[in-house]
Amino acid sequence: MKLLEYEAKRVFAEYGIPVPKGAVIRAPEEVAAHMEDLGDGVVLKAQVDVGGRGKAGGVLMADKATAVATARELFSREIKGVPVREVLAEERLPIEHEYYVSIAVDRSSKQPVVLFADAGGVEIEKMAAEDESAVRRVVVSPLLSDIPPFLMRELLGDAPKELAPVINSLYHVFQGKDAMLAEINPLVTTARGVYAADAKLIVDDNALARQGITVNRDLSEREREAEKHGFSYVELDGTIGVIGNGAGLTMSTLDLIEFYNGRAANFLDVGGGADQERVMYAVRLVASMPKVKVIVVNLLGGITRCDEVAKGIIAAGVEPTVIVRMAGTNEEEGRRLLAECGYRMLESMDAAVRAAMEVAE
Amino acid sequence: MIYGDKNLGVIVQNITGRQGTFHTELMNAYAREVGGRGVVAGVAPGKAGKEVHGAPVYNTVKEALREHDATASVIFVPAGAAGDAIMEAAHAGIELAVVITEHIPVHDAMKAIAYAKLHDCTVIGPNCPGLLSPGECKLGIMPAHLARRGNVGVVSRSGTLTYEVVDELTRAGIGQSTVVGIGGDPVIGQTFVDVLARFEEDPQTKAVVVIGEVGGNLEEEGVRSTNLPVVTYIAGVSAPPEKRMGHAGAIIEGGEGDARSKVRRLAALNVPVASRPSEIPELIREVL
């Protein structure tokens with residue numbers, strides 16, 4: 001789950017990373033009360049979860065005289081379609097130089113990877129694409145609780161040594177907060193020291209509970225409801241409902257519908273080891289979308305048992321036609337149960353998807 | 001075959017759990033069918049002295065290995081404790097840990113995999129179905145009756161999609177050497193590169209099916225690393241960006257890892273890319 005900038009900055013501050021003085025406001029007039037504390041020059045930053053926020057008009061400069069009017073302007077904007085409900089008002093830093101630093105999970109080396117660049121404030125992907133040597137990169141063993149000095153030297157090159165403790169603290173944030181990504185862009189030097197001028201923190205969805213996060217804001221209400229029942233659900237805009245077990249097979253079923261020029265209404269992976277009740281709930285959820293004309297159930301039992309799924313489909317007893325393809329663990333019993341209740345079963349996923357297309361048309 | 005044959009001794013961690021018990025029975029049924037050793041013992045803290053489908057239960061991996069000759073462990077331990085279970089296995093001398101558990105926090109996975117490496121323990125998974133070498137051994141939860149012994153290796157980030165492809169291959173009369181599900185998480189022990197390196201050293205394997213999905217670029221990395229003939233399939237061509245498609249690792253982030261660009265890059269390497277699973281057998285025949 002992505003944290004907003006001000007939430008991430010609170011975390012950074014807890015870990016000893018200097019952040020600019022700032023205040024979160026929820027109405028334009030509130031900025032006036034903070035001007036004395038923030039000084040004459042302020043930066044107003046829309047707290048919206050979109051990339052390229054600055055370019056999209058989500059960051060405005062103001063001074064004492066213009067702060068309220070500028071805040072009003074910002075609150076009236078939509079940043080890439082997202083309305084502005086919270087604004088972070090910050091002191092304007094006397095920036096000497098901007099750097100880039102991020103720590104992410106590197107799938108290839110299976111370790112944290114730290115990226116550093118001598119230029120900050122720009123899109124790192126673009127910078128790396130233009131000049132690979134502009135971005136330095138080190139991987140750190142996840143068994144270490146600090147970035148060792150030799151790796152820090154390699155990372156920083158000729159950049160000021162005073163950045164090192166901040167980057168090490170960012171590594172502590174990364175580990176302590178179960179982060180998928182912890183980023184400071186730009187990390188700035190000033191006459192008063194080093195500051196995280198911006199902050200980005202994405203927490204691993206599989207670690208939200210132990211991080212004390214009870215609601216995953218990145219999911220819609222329906223998706224959260226689905227998650228509670230143990231399956232993954234993404235709503236799409238077609239007419240063919242899809243229930244699969246396993247993310248790969250379910251994705252592949254969606255792709256196959258597209259291959260035959262159909263449109264899937266959803267992605268629903270009932271998850272490993274789905275029991276009767278979970279399947280029943282899944283079938284009912286998909287059937288509850290008015291646009292759904294037919295539901296394809298594509299099941300290959302491994303940890304999931306076909307007989308449990310069959311019982312769930314039967315228990316759901318929904319209106320749209322349910323077309324079933326099942327194979328794998330306890331396949332015979334599952335097929336027997338469904339056959340008794342008159343369900344249409346097909347031998348292959350191609351055949352099942354084609355049959356569903358006919359019903360949908 | 002790779003990773004082990006019918007002589008492999010296997011333990012199951014959390015053997016007394018619902019899935020652990022159920023799949024111990026299936027693994028042992030397969031072992032009996034092929035004349036293998038199967039699950040020789042199980043581990044469940046606090047449950048020593050019990051027996052699950054003929055396998056005696058111990059409190060710790062160390063105690064199980066004191067009494068039994070086993071080098072592989074299949075781990076069904078719940079997500080919060082699974083990282084610890086991997087490290088326990090590695091520490092006790094297990095050489096191959098197959099981690100079925102889903103939803104392990106990625107930091108736990110990184111630490112456990114790094115720790116296992118220090119102890120020369122190979123980790124497959126997490127969030128994987130395990131592996132199956134038809135006629136030799138089954139470690140994990142793959143439905144064995146879909147597979148048939150042969151000379152095509154299969155390596156995949158998915159579980160059920162792998163069974164689908166194996167089913168297609170078998171129906172087309174193409175047998176498999178070993179089928180490996182490497183897992184759907186962002187951080188996994190064995191990647192395509194690692195598995196393909198093993199296939200390359202395996203005299204039985206003549207070609208490999210690589211089954212990938214949205215997220216990351218490990219498929220391309222794997223295909224580049226091998227000299228074996230390879231056929232690929234990438235799931236998620238219709239996946240919307242920034243939406244997690246079931247697997248923790250199946251997400252298009254920052255415009256990276258989408259299926260269409262993966263397909264393009266693989267095609268640029270002159271690797272056949274199937275547009276649906278049912279095309280795979282035909283493409284495999286062409287490269288064999």
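In chain B, P126(B) sits in the loop between β7 (122-124) and β8 (130-133). Strands here are DSSP E runs of at least two residues, helices are H or I runs of at least four, and both are numbered from the N terminus. The peptide bond leading from G125(B) into P126(B) is cis, with omega near 5 degrees.

This is a predicted model, in which local features need pLDDT of at least 70, side-chain atom pairs count only at pLDDT 80 or more, and totals for chains, interfaces and linings use all residues. Residues are numbered from 1 along each chain as its sequence is written, while chains are lettered from A and ligands numbered from 1 in the order in which they are written.

Chain A has a cis peptide bond too, between N185(A) and P186(A). Omega there is about 10 degrees. P186(A) belongs to strand β10 (residues 179-190) of chain A.

A residue is buried if 20 or more other C-beta atoms, placed from the backbone, lie within 10 Å of its own, exposed if 12 or fewer, and partly exposed in between. K110(A) has 22 such neighbours inside 10 Å, so it counts as buried. N261(A) has 7 within 10 Å and is exposed.

Now the helices. Helix α8 (residues 247-259) of chain A packs on helix α12 (residues 349-360) of chain A at about 55 degrees, with the axes 10 Å apart. Axes are lines fitted to C-alpha atoms over the stretch in contact, and angles run from 0 to 180 degrees between N-to-C directions. The two helices are therefore oblique, the class left after under 35 degrees (roughly parallel), over 145 (roughly antiparallel) and 65 to 115 (roughly perpendicular). T253(A), L256(A) and I257(A) of α8(A) meet M349(A), D350(A) and V353(A) of α12(A). Contact means C-beta atoms, placed from the backbone, within 7 Å.

Between the chains, 45 residues of chain A are in contact with 50 residues of chain B. α8(A) gives the largest share of chain A's side, eleven residues.

The largest nonpolar core has 200 residues. Such a core is a set of buried Ala, Val, Leu, Ile, Met, Phe, Trp, Tyr and Cys residues joined through C-beta atoms within 7 Å. L170(A), I75(B), I86(B), A97(B) and V98(B) touch the most other members.

How values were computed:
Two residues are in contact if their C-beta atoms, placed from the backbone, lie within 7 Å.
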